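Keep the model open beside you as you read.

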Amino acid sequence: MTDTPQTDGPMTDAIDARGLKVHFQTAAGLVRAVDGVDLTVRRGAFHGIVGESGCGKTTLARALIGLQSATVGQVSIFGRDRADWAKADRKGFARAVQFIFQDPLGSMSRRQTVGQTLEEPLQIHGIGDNKARRARVQELLDLVALPETVLDRLPRSLSGGQRQRVSIARALALSPQLLICDEPLSALDVSVRAQIVNLFARLQAQLGLTIVIVAHDLAIVREVCSSVTVMYLGRVAEEGEAKAVFSDPAHPYSQALLSAVPSPNPVTEATRPRILLAGDPPSPRNPPPGCRFSSRCPVVEPRCREAEPVLRPVAHGGAAACHLADADAHAMI
Amino acid sequence: MKNWPWAILAPAFIFVLIGIFSPWLMTHDPAAQDYAALLEGPGWAHWLGTDYLGRDMFSRIIGGARTSLVAMVFVLVAALAIGVVIGSFAGYVGGKTELVLISVIDIALALPSLVIALALMGVFSGANFDWMSDYWKMIVALTMAWWANYARMSRAVVVAELQQPYIEAARVMGASHIWIFTRHILPHVLGLVVVYASADAGALVLAIATLSFLGLGVAPPTPEWGQMLVDGMSYIEENAALVIIPGLALTAVVVSFNLLGEAFALQKVPRAVRGRLLSRKKAARAAEEVARKVVEA
């Protein structure tokens, strides 16, 4: 546990999670969805959390905002303990931190028009009178580049991209400082993804937001994120500045993950080396002993199966949890 | 319903209209006795004839419509309110509270509502309840017998809606429980419950008539269809209209309300519930289909 200052000063990190664990009790046994994650997101960062399906990234995002209660661990947001803050000042917390769901349609009431959906957060927080609220809704539409004509439509009559824009606009209605997005792109067509990604980048530049985005599309994370966390089986495999991690990944898992990203250049695409990992990720009910990646790692050594590596600084300035990676060198596969 | 003419719904609307405007529609005082005209058939002086005390049947049918309508509205509103409150509370709060409330609801549902109403009328006949008129006893008894269905439905809707991601989204926006319930969940609950109530109204009119038929409901001077049936039975050989007319009125209203509920259901109720409401009809249609194919073959 670190000693986090209980102030909302400009120097505190946007997110500081320590020893976060989220375990689910299921009929088949204990699922360790998130199993001891430390995460720091600086203010103004565009932070990506990546990893394959089932690695716990969505659970982590939900635990950060409190949609999922943590089994163990503590989350500080802007220097304040999240649980205490949300309990003492539910609305204040909501004004500071907002969440964007993976499924925009499900996250909106099917009975409310887009206008009502966008107005709802303003009503909950008693912001402005009718006229002021309508003006704010108009502003939000402009922000996410939606035409005024969508206001009277129901969410289900919108296209996927429009729905996601509405859900982004709703999250922005309260002018939050921190936006946590759970796979905001995975429900969208590739062509629409680019629009939404650009929208995120533009909003961040315009509004000075801190954005945390959970994604499995690495190409997009590489494009827009300033920092990145790579997760594997409920733990952080590697973290650091996005550019550094993507250009010189230290963890074998990151290397494998990045080698799966297609290149837009057909020549490089045809010749680039690929690392194929054998098998599926192990079940989070029953992680392998030692390093969690040891069961699939191409450069595994005997010590990997015995001791679990801790995050330590590596050459690119970030950190990786690999016995073969330290500040001087790391394994290449 | 698609194949039925909309006119089939007319009795329900006529019933409501007559109930509302009955004082202006009655040609005679429904309680006035005329010993010069006992058990008369339909005619100019008494359009639908007279009963064994010489009371005007037309006025009594119309007065009975108001009695039924008022009692029905009281019971429906009270049962709906109690059911929605208890059911929604159980569904929203969950845990042990829910378990206890569900048990109560299940017990209430396990007994036929008419049996509960009869038992309560028996309890209410004790001296402790003399302060209540028979009319109010009947309304309270029927309400206690009727709320459980609404509670069960309300709870089901609340539980289903609470699992929707948009409820989580509202939480993230900082909405209070009261906001989430009134703004997002209650409309769904009422949407379903009101539709069900429209079909239930007919059953309730029948239950009111049944209690009166058994001599437990509305006290004699007030005109009531069930009572008219029981009074008329003794004179069925002299004047069959005494039984046929209230019987027809009752049948028309019950059928008509059922169809009204079905009409709502087809357009408003979620498919899963709609399926249950119409399962019998669907089964009949499927049987027809099979029969037709067999004939063709």
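The report begins with the model itself, then turns to the fold and to one helix.

## About the model

This is a predicted model, in which local features need pLDDT of at least 70 and side-chain atom pairs count only at pLDDT 80 or more, while totals for chains, interfaces and linings use all residues. Residues are numbered from 1 along each chain as its sequence is written, and chains are lettered from A and ligands numbered from 1 in the order in which they are written.

## Overall build

Chain A holds 11 helices and 12 strands (DSSP runs, H or I of at least four residues for helices and E of at least two for strands, numbered from the N terminus). Its C-alpha trace spans about 70 × 50 × 45 Å along the principal axes.

Of its 333 residues, 45% count as buried (20 or more other C-beta atoms within 10 Å of the residue's own; exposed means 12 or fewer, partly exposed in between, with C-beta atoms placed from the backbone).

## A closer look at H7

Helix H7 of chain A covers residues 190–207 and reaches 26 Å from its first C-alpha to its last, close to the 26 Å expected at 1.5 Å a residue (1.5 Å times one less than the number of residues). A:Arg193, A:Ile196, A:Val197 and A:Phe200 are its buried residues. They fall within an arc of 105° seen down the axis of H7(A), so they line one face of the helix (the arc is that of the directions from the helix axis to the C-beta atoms).

On the other side of H7(A), A:Ser191, A:Ala205 and A:Gln206 are exposed. After H7(A) comes A:Gly208, with a positive phi near 65°.
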